[in-house]
Amino acid sequence: MTFFEYFFAQIVNGLSAGSIYALVAVGYSMVFGVLQMHNFAHGDTMMFGTYCAMAMLLAGVPAVVAIPAAMLIGALFGLCIERLAFKPTRGAHRMVPTVSAIGVALIIRNTAQLIWGTSTEPFPLRVPQYTFQVAGIGVSSTQILVFATALLLMIATHYFVKKTLIGKAMRAVQQDIDAAGYMGIPVNRVISMVYMLGGFLGVAAGILFAINYNTVFLMMGFTTMVKAFIAAVIGGIGNLQGAFFGGLLLGVIEAFAAGYISSGYRDAIALGLLIIVLLMRPNGLLSAKVAVKV
Amino acid sequence: MEMVRGLLNTRSPIRTMVERIPPVWFYVMALAVMLVLPIVSDDAFMFRILTMIMIWSILALGQNVITGFCGQLSFGQAAFYGIGAYTSVLLTIHFGLPYPLALVASAVAAGLFGLLVGYPAIRVGGDYLFLVTIGFAEIMRLVFLNWDAVTGGAVGIPNVPTIELFGHALYTNKEYFLLSLFLLSVVVFALHRIIASDIGRSFKAVREDEIAAKAVGINVARYKLLAFRLGAALGGIAGSVAGHFLAYVGPDNFTNWESTMVFVIVLLGGLGSIPGTILGAAILIGAFESARGLVDYRLYVAGGLLLAVVLLKPSGLLGSVKLRTPGPPPVDPTDEANASEPQPNKLI
């Protein structure tokens with residue numbers, strides 16, 4: 001394999017992994033935007049939903065039913081997390097909902113551990129395997145499927161937020177929660193919906209992750225969530241397009257780190273990138289500086 | 001839930017009476033009991049649990065300096081614990097350093113890394129810092145795991161030599177118990193002196209309102225870095241003792257789970273409370289170490305405790321810190337002038 005082929009193969013690997021980070025980051029960023037709160041249970045919702053999809057597929061449920069059903073379970077989890085961890089703590093110190101979300105995440109993780117154990121499982125969905133040769137670089141059908149599905153879901157989310165009435169209500173709540181309430185927007189219901197949409201997209205990303213790497217494991221949610229957060233920070237948190245580009249960029253950087261430095265340090269390099277970005281531009285690479293209100 | 005919250009937050013006359021006793025007497029009594037124990041008992045299992053509780057108390061006190069005293073949200077205490085353990089163990093194995101020096105070296109090494117993590121704390125606050133510290137802890141774990149030449153990789157360092165103090169090697173759990181009791185006493189004494197000093201008051205000012213602290217001339221960056229250095233150094237001390245006591249150091253001992261446990265201990269005991277932290281460690285570590293059957297349910301225990309504390313009693317068992325959002329004090333809803341103002345979130 002020549003230098004350029006290896007180089008572009010890393011980019012292809014990076015884009016398919018990055019599209020998953022981007023999808024998680026879009027959901028994460030959307031949920032962050034509405035209350036300005038990090039949802040630390042996002043990753044574990046994703047993990048649990050993926051395990052549910054795996055269990056349903058193993059039980060013989062066809063994929064067209066199992067995958068949407070798992071995504072709905074993710075939405076249900078999003079709702080429960082909002083009700084249990086965020087709603088009772090609204091108006092408290094910022095640390096309080098962060099901690100309660102971690103509490104819920106640990107409970108979800110323990111439940112998954114009791115049901116499915118701690119071993120790494122293969123994902124039982126077989127995607128037809130083809131390899132296309134594009135200018136000497138092999139692109140697998142799995143990579144195309146993952147990238148296309150993630151892109152499609154992100155475009156759908158974008159239009160949902162921009163064009164529908166519910167999306168408009170979400171944007172209004174995000175801009176000014178009090179004013180939105182005065183305008184007659186059912187604030188609490190809209191917030192619940194954002195969390196549900198976040199869980200829905202999160203499980204979709206989890207299933208794509210499972211298809212891409214053919215694995216399901218207990219800590220997949222946690223690591224992917226931290227990476228999605230990095231992607232969201234690179235793009236400027238709360239900014240959906242930024243989260244999308246941040247995810248792709250992170251995927252490519254990681255693929256280069258794994259391909260040229262060492263695959264053991266892949267995650268360390270991604271996390272180091274987070275620290276550097278936060279040190280240099282605390283508001284993200286793509287956002288303007290905002291002064292702190294006193 | 002309101003009723004439970006009310007019950008937990010009412011002050012019983014007994015509690016008021018107990019609180020009138022000067023706190024130093026509790027320490028004297030606890031120390032006396034702990035010193036009598038080795039004379040009357042030879043139960044190695046009990047001393048093992050007590051040693052672990054004290055090691056985790058030191059570790060969690062470090063977290064409490066950062067989060068409870070100085071108000072910086074950190075979630076990477078396991079990294080400092082690991083740095084301390086590896087430093088001390090590697091120095092004694094490869095260079096034959098006497099243990100007191102290795103202990104100091106691990107505190108200094110962890111403190112230096114604390115400084116490194118503290119720098120982002122100057123620039124980013126709140127939950128961003130939270131993720132930076134999670135990220136830092138994960139980087140350290142990956143370094144422990146992948147730097148085979150020094151850390152032994154995934155296998156770790158088995159058969160760590162026991163601590164030798166002034167020509168006397170520690171072999172029994174009882175001896176380790178006495179060592180950790182001594183270290184914990186020194187740490188508790190030092191921390192009480194620090195929070196009573198101007199450093200402690202500056203920490204408190206930074207925690208309550210950074211902008212106001214800056215306005216009265218407190219060098220916020222300096223105190224944040226100091227808190228991180230101090231908290232990390234305590235983590236390093238705990239790691240140093242734990243590495244020799246468990247006779248094994250490996251990347252699996254310094255994961256996100258250890259950081260989570262430290263966090264639960266601090267929140268359960270109460271932010272900013274030194275006796276609370278020790279109580280929290282006694283409850284959590286005591287439960288996990290004595291009931292091995294709990295291991296499959298440990299995330300339930302930790303997660304349930306986190307939820308219960310923040311929803312029912314945010315100040316923890318013995319804490320006094322009231323977490324509040326910075327800015328003007330909240331308006332009293334019984335206030336006549338504001339009673340008629342609509343409450344948009346409640347109506348819908």
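Let's start with B:Val108, which sits in helix α6 of chain B. Keep in mind that this is a predicted model. Is B:Val108 buried, partly exposed or exposed? It has 15 C-beta neighbours inside 10 Å. Buried would take 20 or more, and exposed would take 12 or fewer. So B:Val108 counts as partly exposed. Now look at B:Gly84. In sequence, 24 residues separate B:Gly84 from B:Val108. In space, their C-alpha atoms are 8.6 Å apart.

Next, chain B as a whole. It has 348 residues, and 47% of them are buried. The secondary structure comes to 17 helices and two strands. Take the contacts in chain B between residues at least 6 apart in sequence: 79% of those join residues at least 24 apart.

On to the contact between the chains. Chain A puts in 39 residues, and chain B puts in 38. Which elements of chain B give two or more residues to the side that touches chain A? They are α6 (99-123), α7 (126-146), α15 (298-312) and α17 (344-347). The largest share comes from α7(B), with 14 residues. What about the classes on this side of chain B? We count 26 nonpolar, seven polar and five charged residues.

Now the core. The largest nonpolar core holds 203 residues. Three of its residues touch the most other members: A:Ala22, A:Leu23 and B:Ile58. Helix α8 of chain A, residues 187-213, gives this core its largest share, 18 residues.

Stay with B:Ile58 for a moment. Which residues does B:Ile58 contact, once we set aside neighbours within four places in sequence? Here is the list: B:Leu183, B:Leu184, B:Val187, B:Leu234, B:Ile237 and B:Ala238.

Last stop, a helix pair in chain A. Two packed helices are described by the angle between their axes and the distance between the axes. Helix α1 covers residues 3-35, and helix α9 covers residues 220-235. The angle is about 75°, and the axes are 8 Å apart. The roughly perpendicular range runs from 65 to 115 degrees. Therefore α1(A) and α9(A) are roughly perpendicular to each other.

Who makes this contact? From α1(A) we have A:Tyr21, A:Ala22, A:Val24, A:Ala25, A:Tyr28 and A:Ser29. From α9(A) come A:Thr224, A:Met225, A:Lys227, A:Ala228, A:Phe229, A:Ala231 and A:Ala232. By class, that is 10 nonpolar, two polar and one charged. Note A:Ala22 in that list. We met A:Ala22 in the core too.

Methods: Residues are numbered from 1 along each chain as its sequence is written. Chains are lettered from A and ligands numbered from 1 in the order in which they are written. This is a predicted model: local features need pLDDT of at least 70, side-chain atom pairs count only at pLDDT 80 or more; totals for chains, interfaces and linings use all residues. Two residues are in contact if their C-beta atoms, placed from the backbone, lie within 7 Å. Helices (H or I, at least four residues) and strands (E, at least two) are DSSP runs, numbered from the N terminus. Ala, Val, Leu, Ile, Met, Phe, Trp, Tyr, Cys and Pro count as nonpolar, Asp, Glu, Lys and Arg as charged, and the others, Gly among them, as polar. A nonpolar core is a set of buried Ala, Val, Leu, Ile, Met, Phe, Trp, Tyr and Cys residues joined through C-beta atoms within 7 Å. Axes are lines fitted to C-alpha atoms, for helices over the stretch in contact, and angles run from 0 to 180 degrees between N-to-C directions. Angles under 35 degrees count as roughly parallel, over 145 as roughly antiparallel, 65 to 115 as roughly perpendicular and the rest as oblique.
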